[in-house]
Amino acid sequence: MAKESVKARQRKREKMVAKFAEKRTALKAAGDYAGLDLLPKNASPVRLKNRCQLTGRPRGYVGYFGLSRNVFRDMALGGKIPGVTKASW
């Protein structure tokens with residue numbers, strides 16, 4: 001489980017990226033790189049990290065569900081994710 005401060009930082013970055021998305025695309029289309037430099041660093045989508053929505057774990061991220069592999073497995077076996085069943089062949 002990640003620290004609350006790490007998860008809060010990630011949420012703050014996500015909000016900042018969403019806030020400046022239109023402005024960034026306009027500046028990039030215009031080729032105004034000096035204007036891009038004036039934007040906050042955390043407004044860049046490159047600074048986002050894929051993290052589990054529940055635990056904040058950065059490794060073993062399953063993108064389609066937004067969960068780490070551990071949480072995904074627990075939820076799938078518990079029947080909390082519709083349509084997901086354990087494979088057997």
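Author: The dialogue below takes up the domains, then the interface, and then individual residues. Please bear in mind that this is a predicted model.

Reader: Into which domains is the protein divided?

Author: The protein has two parts in its assignment: domain 1 covers 1-49 and domain 2 covers 51-84. The C-alpha centres of domain 1 and domain 2 are 25 Å apart.

Reader: How should I read the interface, and how many residues of each domain are in contact?

Author: The general idea comes first. Interface size is often reported as the accessible area that is lost when the parts come together. In this structure, domain 1 and domain 2 bury about 510 Å² between them, and 58% of that area is on carbon and sulfur atoms. On the side of domain 1, the residues that lose the most area to domain 2 are Met1, Lys7 and Lys49, which together account for 62% of what that side buries. As for contacts, 6 residues of domain 1 touch 5 residues of domain 2.

Reader: How many salt bridges and how many residue pairs in polar contact are there between domain 1 and domain 2?

Author: The count of salt bridges between domain 1 and domain 2 is 0. For polar contact, the count between the two domains is 2 residue pairs, with both residues at pLDDT 80 or more. By class, the side of domain 1 that touches domain 2 consists of 3 nonpolar, 1 polar and 2 charged residues.

Reader: Is Lys7 buried or exposed, and is Glu4 buried or exposed?

Author: The reading rests on relative accessible area: under 20% is buried and over 50% is exposed. Lys7 has 12% relative accessibility, so Lys7 counts as buried. Glu4 has a relative accessible area of 52% and is therefore exposed.

Reader: Which residues does Gln10 contact, leaving aside its neighbours within four places in sequence?

Author: Gln10 also lies in helix α1. With those neighbours left aside, Gln10 is in contact with Leu48, Lys49 and Arg51. A polar atom of the Gln10 side chain lies 2.7 Å from the backbone oxygen of Lys49. Gln10 is buried because its relative accessible area is 5%.

Reader: Where is Ser68 found, and which residues does it touch beyond four places in sequence?

Author: Ser68 is in strand β2, residues 67-68. Not counting residues up to four places away in sequence, Ser68 touches Cys52, Thr55, Arg57, Arg59, Gly60, Tyr61 and Val62. The relative accessible area of Ser68 is 1%, so Ser68 is buried. Sequence separation and spatial separation may also be read side by side. Ser68 and Pro58 are 10 residues apart along the chain, and their C-alpha atoms are separated by 7.6 Å.

Conventions:
Residues are numbered from 1 along each chain as its sequence is written. This is a predicted model: local features need pLDDT of at least 70, side-chain atom pairs count only at pLDDT 80 or more; totals for chains, interfaces and linings use all residues. Side-chain values use heavy atoms; hydrogens and water are left out. Domain bounds come from an automatic or database domain assignment. Contact means heavy atoms within 4.5 Å. Buried area is the accessible area (1.4 Å probe) that two parts lose on being put together, summed over both. A salt bridge is a side-chain nitrogen of Lys or Arg within 4 Å of a carboxyl oxygen of Asp or Glu. A polar contact is a pair of N or O atoms within 3.5 Å; within protein, one must be able to donate a hydrogen and the other to accept it, and residues adjacent in sequence count only if both atoms are side-chain atoms. Ala, Val, Leu, Ile, Met, Phe, Trp, Tyr, Cys and Pro count as nonpolar, Asp, Glu, Lys and Arg as charged, and the others, Gly among them, as polar. Buried means under 20% relative accessible area, exposed over 50%, partly exposed in between (1.4 Å probe, protein chains only). Helices (H or I, at least four residues) and strands (E, at least two) are DSSP runs, numbered from the N terminus.
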